[in-house]
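User: Could you walk me through this one? I'd like to go through the packing and the charged contacts.
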Amino acid sequence: MQTEWRDSIALPRLLRESRIVPRSFYAQGTAAAARSLLGKFLVHGRAAGRIVETEAYLGRGDPAAHAYRGSTERTRVIFGPPGHAYVYFIYGMYECLNLVTEPDGVAGCVLIRAVEPVAGIELMRARRPGARSVEELASGPGKLTCAFDITRRHYGADVTRGELTVRALRHEAPFKILETPRIGIAVAADLPLRFVIAGSRFASR
DNA sequence: GGTAGGATGGGCT
DNA sequence: GCCCATCCTACCC
């Protein structure tokens, strides 16, 4: 498990033992990408964490998806090429990070819902002074963007290069995946499109 | 352990 | 004007 090499030595080791997830990964289909993103690492500056919870938003045909009503100024990146960040502002306070997961012209993205902090934990604590434990630092979509300082300035950012990236360990330890309905939505609430690393203490619930 | 209610502002009808 | 892909606090077991 990654917890044994948390913090001080973690970032150099993570960068050494992993590689950036290529753009082709994001074009495998949104539900498949949501599953496959579990266990990958979100890296932004000195902050890094293991993705433990995701949700798939399928696009046209998925009434719960922002892209359901078509391309607007806010949602246009979801219709663009895969491997880019869709960051939106919600409830007047929070930012949420998604990764675009369909070919150019097709809508689909994955919401990153929770991350297990691995590096930059003191930085995360400073950004989230209310968090009472490492488990609470990034255990929700609004919490993790705060802990990682991800905002709408990252709207459209290419996560296969640059300061915000997703990386995969060359040797990934196996884990079980839990499938549940998505959280916080009223429509299409029956679809099992939320994916969680089973037993993770860092998930939102 | 649990949950009800409020904060807060942008997007869209 | 209403609706949120949320989180935190207060309060209650």
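User: Which residues have the most contacts inside the largest nonpolar core?

Analyst: This is a predicted model, and in it the largest nonpolar core has 38 residues, with L37, L42 and I112 being those that have the most contacts inside it. Apart from that core lies another one, of 15 residues, and Y57, I78, C109 and L111 are among them.

User: What is L42 in contact with, leaving aside its neighbours within four places in sequence?

Analyst: With those neighbours set aside, L42 is in contact with A47, A48, G49 and I51, and also with L97, V115, L144, F148, I150, L164, T165 and V166.

User: Switching to charges, how many salt bridges does the structure hold?

Analyst: There are 13 salt bridges in the structure. One of them joins R13 to E17, where the closest N and O atoms are 3.0 Å apart.

User: Where do R13 and E17 sit relative to one another?

Analyst: Both belong to helix α1 (residues 10-17), and because they are 4 residues apart there, about one helical turn separates R13 from E17. R13 is partly exposed, at a relative accessible area of 27%, and E17 is partly exposed too, at 29%.

User: And R23, which residue does it form a salt bridge with?

Analyst: R23 forms a salt bridge with D158, and the closest N and O atoms of that pair are 2.8 Å apart. Since R23 lies in helix α2 (residues 23-26) while D158 lies in the loop between α6 (141-147) and β7 (164-169), the pair ties together parts that are 135 residues apart in sequence.

User: Is D158 buried or exposed?

Analyst: D158 is buried, because its relative accessible area is 18% and the cut-off for buried is under 20%.

User: What about R125 and E122, where do they lie?

Analyst: R125 and E122 both lie in helix α4 (residues 121-127), 3 residues apart, which is about one turn of the helix. Their side chains meet in a salt bridge of 3.5 Å, N to O. E122 is exposed, with a relative accessible area of 55%, whereas R125 is partly exposed at 34%.

User: Which residues are joined into one network by salt bridges that share partners?

Analyst: That network is made up of E53, E55, R113 and R194, joined by salt bridges with shared partners. Looking at R194 in particular, its place is in strand β9 (residues 194-197), and it counts as buried because its relative accessibility is 5%. The side chains of R194 and E53 are also joined by a polar contact of 2.8 Å.

User: Last topic, the surface: which residues make the nonpolar patch of about 410 Å²?

Analyst: Y91, M93 and Y94 make that nonpolar surface patch. Y94 has its place in strand β5 (residues 94-100), and it counts as partly exposed because its relative accessibility is 40%.

Terms used. Residues numbered from 1 in each chain as written. Chains lettered and ligands numbered in written order. Predicted model: local features only at pLDDT ≥ 70, side-chain atom pairs only at ≥ 80, totals over all residues. Heavy atoms only, no water. Patch = residues over 30% accessible without salt bridge, like charges linked within 9 Å, V, L, I, M, F, W, Y side chains within 5 Å. Areas by Shrake-Rupley, 256 points an atom, 1.4 Å probe, with all protein chains shown as cover. Salt bridge = Lys/Arg side-chain N within 4 Å of Asp/Glu carboxyl O. Helix = DSSP H or I, 4+ residues; strand = E, 2+ residues; numbered from the N terminus. Buried < 20%, exposed > 50% of the residue type's maximum accessible area, 1.4 Å probe, protein only. Core = buried A, V, L, I, M, F, W, Y, C linked by side-chain atoms within 4.5 Å. Contact = heavy atoms within 4.5 Å. Polar contact = N/O pair within 3.5 Å; in protein donor to acceptor, adjacent residues only side chain to side chain.
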